[in-house]
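Subject: Structure handover

Hello,

Here is the structure I promised to pass on to you. Please have a look at it first, and then read my notes below.

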Amino acid sequence: MSETVATPDSQPAARPIKDASTVVLVRDGAHGPEVFMQRRVNEMAFAAGMTVFPGGGVDPSDASVALEWAGPEPAWWGEQFGTDAGRAQALVCAAVRETFEECGVLLAGPTADSVVSDTSVYAEARGQLERRELSFAEFLTRENLVLRADLLRPWDHWITPVVEPRRYDTRFFVAVLPEGQLADGATSEADVVTWCTPTEAITRWRDGLDVLLPPTWTQLVALAGFPSTADILAATREIAPIMPIYDPNGPGPALAFPHADLYFADLPTNARLRGSQRPE
């Protein structure tokens, strides 16, 4: 069960927080479940150079009610993530939209029990979505597609520390790569993409080859204990918000969050801890 980390009185005044959704895309591999990861380009204002899962901020258009929806209703998602149905719908739509924009994987189909197998036919629309020339609801309606909320599972909830200049209230989802679809690197936000086991991703971080923020590391550690994607989807999660606390003058690690001692024990000595800082 996730823990909630309280904010100490010493923290600076909180900056505005933007809702965001992140999707941990998984598939079964020869050595167990694999995750799709992206290394963000150095020009990004947030998490520059970090290795992350697909995701991003919620767009106002994600709250549109004019779309076909299959799976648990927004109210159910709201219960899982501790919010209202309208906000939950926007979070789910953002999760599906961002996954499509960032790696070409589309959790939608022509019917409530099908999913598209070739997303290359929507390449032009993908670019329009990324440039915000087209809303996701408009795209689904135009292509007669149903959003497959049932292909997602609620997974975790992290809030960017108060100390950060850019802050996000991020809900994490997991989803299995649909059969026939390919996750690609055709996005301006990432320069390297890869499939790897959670253990391999953590090893690369320990070796200083990738930089993992605490939320990313936490999901990888949790997923490393599952033998298959079916087991991941079947997992029951109790989700509570986690907001790390940055306190360089405290007795423990500079950043406090659940299992921070394990994270910092393996943290490469040259790694950066605060995600919005760009590489030196």
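At what angle do the axes of helix α5 and helix α6 cross, and within what distance do they come? The axes of α5 (residues 198-206) and α6 (residues 214-223) cross at roughly 140° and come within 8 Å. That makes α5 oblique to α6; angles under 35 degrees count as roughly parallel, over 145 as roughly antiparallel, 65 to 115 as roughly perpendicular and the rest as oblique. Axes here are lines fitted to C-alpha atoms, for helices over the stretch in contact, with angles from 0 to 180 degrees between N-to-C directions. Helices (H or I, at least four residues) and strands (E, at least two) are DSSP runs, numbered from the N terminus.

Before going further, a word on the source. This is a predicted model, in which local features need pLDDT of at least 70 and side-chain atom pairs count only at pLDDT 80 or more, while totals for chains, interfaces and linings use all residues. Residues are numbered from 1 along each chain as its sequence is written, and side-chain values use heavy atoms, with hydrogens and water left out.

Back to the helix pair: from α5, Pro 198, Ala 201, Ile 202 and Trp 205 meet Trp 217, Leu 220, Val 221 and Leu 223 of α6 (contact means heavy atoms within 4.5 Å). By class, this contact has eight nonpolar residues, no polar and no charged ones (Ala, Val, Leu, Ile, Met, Phe, Trp, Tyr, Cys and Pro count as nonpolar, Asp, Glu, Lys and Arg as charged, and the others, Gly among them, as polar).

Helix α2 (residues 85-103) and helix α3 (residues 123-130) have axes that come within 9 Å and cross at roughly 115°. The two are therefore roughly perpendicular to each other. Phe 100, Glu 101, Glu 102 and Cys 103 of α2 make the contact with Arg 126, Leu 129 and Glu 130 of α3. Here the residues divide into three nonpolar, no polar and four charged.

Now the strands. Strand β1 (residues 17-29) runs parallel to strand β9 (residues 167-176), joined by ten bridges (two strands pair if DSSP finds at least two bridges between them). Ile 17 stands opposite Arg 167 in β9. β1 also pairs with strand β4 (residues 55-57), in the antiparallel sense over three bridges, and Ala 20 has Gly 57 in β4 as its bridge partner.

Finally, confidence: the chain averages a pLDDT of 87, and 86% of the residues score at least 70 (pLDDT is the predictor's confidence in each residue, from 0 to 100). Residues 1-11 have pLDDT below 50, and residues 273-280 stay under 50.

Best wishes
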